[in-house]
Amino acid sequence: MNDGLLEKSYDPAGIEEKWYEFWESHNFFTASEQSEAKPYSIVIPPPNVTGVLHMGHALNITIQDIVCRFRRLSGDNVLWMPGTDHAGIATQNVVEKDLAEKGKTRDELGREEFIEAVWKWRKVSGGAIINQLKRLGASCDWSRERFTMDDGLSDAVRKVFVRLYKEGLIYEDQYIINWCPRCKTALADLEVEYEEKDSFLYHIRYPFKEGNNDGLVVATTRPETIFGDTAVAIHPDDERFSDLEQDTIHLPLTDKVIEIIKDPYVDMEFGTGALKVTPAHDTNDFTLGDKHGLERVKVIDEDGYMTEEAGLRYQGLDRFECRERAVADLKEKGLLVKKTPLKNSVGECYRCKTVVEPFLSKQWFVRVGPLAEKAMEAVKEGDTRIVPKNWEKTYFEWLENIRDWCISRQIWWGHRIPAWKCRSCGANTVEEHDPDRCGECGSTDIYQETDVLDTWFSSALWPFSTMGWPRETELLKKFYPTDLLVTGFDILFFWVARMMMMGIHFMKEVPFRDVYIHALVRDEDGKKMSKSKGNVIDPIQVIENYGADAFRFTLAAFAAQGRDVKMSESRVEGYRHFVNKLWNAARFSLIHIEEEQEVFDTDRFSDLEKWILSRSAATALEVRDGIDNYRFNEAAVSIYQFVWHEFCDWYLEACKPALYEKEGIERRDAVRTVLSKVMKDILIMLHPFMPYVTEEIWHQLPTSTGSIMEASYPYDDATYNRNRNPSLEKDMEYVFALVSGVRNIRSEMNIQPSVNLRVVAQTDQAGERGLLEKNSSVVVNLARLENLTVSDMDNAPQSSAAFVVGNTTAYVDLKGVIDFLKEEKRLLKEIDKVTKELVSVSKRLNNESFLEKAPQDVVEKVKEQQKGLEEKNDRLAESLGRIKKMK
């Protein structure tokens with residue numbers, strides 16, 4: 001025997017750190033370039049180097065780790081490529097704040113010294129997120145950790161830029177871009193977050209130059225841009241303007257005269273049908289202005305202040321201050337017709353939440369049309385599968401409506417654009433190696449572009465650049481394309497689609513076979529977590545309180561496809577009880593498992609042993625199918641159900657007499673053999689979800705060797721078919737149902753567990769009779785019976801409570817067990833109490849004011865309370881009816 005190998009209770013503190021160091025020191029996370037095993041690869045979505053672990057990370061990493069650990073147990077050669085993203089804007093902001101606290105600015109330092117300061121910050125603080133991923137149990141191949149600014153990836157970025165430029169897929173041009181006046185940089189469309197805000201629609205009269213001076217009334221939400229208007233547009237088919245003879249109009253608050261143009265682009269249903277055209281400050285107006293050859297007048301500068309073009313009265317004002325002054329001046333001049341409230345979708349910088357300004361600027365772009373077509377085709381042809389499938393529609397819609405990608409950013413931290421501008425002829429020279437002269441005119445008077453590339457440009461190369469591209473490495477040959485990408489839907493466009501484009505273009509093959517899109521992690525009421533709401537749950541604190549295993553299992557158990565995860569600490573606490581249940585089952589099992597096992601001979605096993613082996617095989621298949629098909633919640637629920645209910649509640653309780661040698665040595669040895677086998681199966685099946693506790697128990701099993709990470713997933717096709725016995729499972733379900741029936745009577749009649757009952761089971765079915773006779777000892781043990789009598793159908797015994805299982809009617813003899821009169825009084829008192837509670841709850845649900853004003857989740861909880869009380873009342877009434885019949 002092995003009594004005392006496990007502590008009385010499981011304490012994650014110390015154990016988690018011990019095993020993580022053990023795994024790392026033994027290189028269990030390291031992929032092999034020489035292995036003949038089937039390769040399986042995943043690249044981690046690189047967290048920002050500035051980041052800290054949040055719930056989204058925790059879910060994402062847990063899912064990936066479950067898959068990677070499962071694939072290793074299945075015999076695969078797994079590469080889980082880790083790394084971090086340099087996060088251009090975010091990192092620069094962090095370092096600038098650090099400098100500000102020291103009374104310095106980046107401009108005072110200069111570019112080179114500032115970049116050196118960022119590298120120093122990264123060395124000191126940039127590893128925080130990696131350490132947090134390790135706390136969670138992430139089994140990444142840390143020996144291959146990459147950073148988007150390291151030398152190898154920087155070489156890849158430069159090669160890609162140069163090649164796309166020479167292929168005509170990168171160009172520089174004037175265009176309306178999203179500009180953040182706070183971060184002072186361009187933003188891609190996807191870096192702009194829209195929020196609905198209260199605003200106004202201003203109706204402004206533009207007077208005619210001559211004649212009828214009513215003019216045209218224009219509706220706008222941005223009167224501060226009026227100074228940049230170079231035309232007013234109307235629809236050529238708009239009958240309201242059919243008699244219009246004028247072709248010019250006065251620009252309010254200025255002495256300028258601008259054109260009236262006609263274009264079918266104008267929406268006749270919006271506002272007055274007359275549209276102010278501001279080519280330098282609106283994307284659509286830019287296109288309209290190009291079409292009609294309009295001047296581009298910039299009236300807001302890169303800091304968000306009005307320029308000289310706005311006139312002396314407004315020059316130097318903040319754009320929003322200018323709005324207020326312009327509206328006041330228009331009102332004073334009688335040109336403000338009306339001002340109506342409006343819900344307006346306002347674009348904000350995804351980093352600092354500053355309102356984004358449409359800004360005319362010279363920027364670098366990727367011509368994405370040809371790349372997007374191939375990225376769409378790959379998914380349509382099934383080369384890459386998106387799971388759940390409904391996200392394919394969103395993916396296609398975005399790629400079909402994609403605009404050219406603005407890739408230049410006006411910051412210092414990042415991959416500096418490898419373009420040299422010539423002061424002599426103005427040409428760009430783009431090469432893989434720094435040029436010393438202009439490629440166009442030969443002048444040596446050249447300087448490098450000061451802008452850096454969008455962070456997502458380097459991230460788009462992640463699946464192949466991390467494996468050594470542009471070199472043809474063994475790693476790249478073996479592990480590209482990757483098998484799976486796990487990501488949130490919020491970066492399906494930012495990152496996934498761009499990786500598809502770049503992977504197909506440069507590798508001639510998709511970057512991943514499957515893309516699994518997981519849902520959001522919300523609070524327990526389904527609300528988005530935010531600091532302002534005070535409902536943020538810190539993953540590290542949860543790990544501190546309950547351990548990584550309980551936290552990981554909770555995430556997996558609620559990770560249903562297409563459904564957000566509702567997270568609360570109480571749910572994690574619930575699965576902490578599951579960890580304890582496993583621990584206690586292992587402690588009990590270890591007392592009885594011997595190092596020297598009997599030969600595994602199924603002919604010597606009872607139905608109970610054959611049943612638990614069959615259920616173990618069935619569960620192994622369900623867990624495998626769940627993970628293979630990204631139904632992690634189904635896999636988690638399956639192993640939970642098997643361990644808690646079938647193994648602990650049924651099997652361990654049922655086999656105790658045999659283990660304590662009440663049924664002979666041979667039976668004891670058979671049970672020990674099966675107990676050892678099933679315990680190992682459970683640990684292996686649970687390991688992807690709960691790596692730490694399973695490793696700890698594994699090392700105490702006398703029949704195990706090495707690390708659980710070196711084990712093989714149980715039940716291949718041959719062993720599954722040998723052990724699976726669905727008909728026996730059905731038979732044992734019948735036996736256990738009879739036990740449950742007795743337990744229910746015991747509970748309903750308030751009979752103490754220490755009281756042994758007498759049961760008569762009557763059936764005309766020979767098969768059921770045979771099952772009960774064969775397994776009578778199991779029933780007597782589990783139901784705590786004095787005796788079990790099995791017979792043909794007959795009259796019901798007096799003073800008995802009956803229930804039916806299959807074709808069997810079972811009678812629990814209550815004579816001398818309970819005081820019928822006393823029990824009747826107890827039940828009547830309990831029914832009265834429940835009825836009063838039910839009346840109170842029903843009144844709330846019949847109150848229209850409560851239903852209208854209370855939050856929906858509160859109403860649902862009250863409805864659930866009502867349902868529970870009704871069910872309890874029904875059970876009590878049923879018990880009372882039984883008692884009355886037996887009096």
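Is Gly334 buried, partly exposed or exposed? Gly334 is partly exposed, because its relative accessible area is 43% (buried means under 20%, exposed over 50%, and partly exposed in between, with a 1.4 Å probe and protein chains only).

## About the model

This is a predicted model, in which local features need pLDDT of at least 70 and side-chain atom pairs count only at pLDDT 80 or more, while totals for chains, interfaces and linings use all residues. Residues are numbered from 1 along each chain as its sequence is written, and side-chain values use heavy atoms, leaving out hydrogens and water.

## Two loop residues

Let's find Gly334 first. Gly334 sits in the loop between helix H9 (319-332) and strand E13 (336-349) (helices, H or I with at least four residues, and strands, E with at least two, are DSSP runs numbered from the N terminus). Although 130 residues separate Gly334 from Ile204 in sequence, the two are 9.2 Å apart in space, C-alpha to C-alpha.

Now look at His687, in the loop between helix H21 (665-686) and helix H22 (691-698). His687 counts as buried because its relative accessibility is 1%. Leaving aside residues up to four places away in sequence, His687 touches Trp23, Arg69, Leu73, Thr694, Ile708 and Met709 (contact means heavy atoms within 4.5 Å).

## A sheet and a helix

Next comes an open sheet of 4 strands with mixed pairing, in the order E10-E11-E9-E12 (two strands pair if DSSP finds at least two bridges between them). At its edges are strand E10 (248-250) and strand E12 (274-277), each pairing on one side only. From one strand to the next, the twist averages 35° (axes are lines fitted to C-alpha atoms, for helices over the stretch in contact, and angles run from 0 to 180 degrees between N-to-C directions).

Strand E9 (residues 231-234) and E12 run antiparallel, joined by 4 bridges. Val232 has Lys276 in E12 as its bridge partner. Helix H8 (residues 283-292) lies across E9, strand E11 (257-262) and E12, and runs at about 85° to E12.

## A space inside

A search of the whole structure turns up 1 cavity of 30 Å³ or more (on a 1 Å grid over the protein atoms alone, a cavity is a set of points where a 1.4 Å probe fits but cannot get out, and lining residues have an atom within 4 Å of a point). The largest cavity holds about 40 Å³ of space (grid points are joined across faces, edges and corners, and a volume is the space filled by probe spheres set on the points).

Among the residues that line the largest cavity are Glu191, Tyr350, Arg409 and Asp454. The lining divides into 4 nonpolar, 2 polar and 3 charged residues (Ala, Val, Leu, Ile, Met, Phe, Trp, Tyr, Cys and Pro count as nonpolar, Asp, Glu, Lys and Arg as charged, and the others, Gly among them, as polar).

Note on methods. On a 1 Å grid over the protein atoms alone, a cavity is a set of points where a 1.4 Å probe fits but cannot get out, and a pocket is an open set with protein on both sides within 12 Å along at least five of seven lines; lining residues have an atom within 4 Å of a point.
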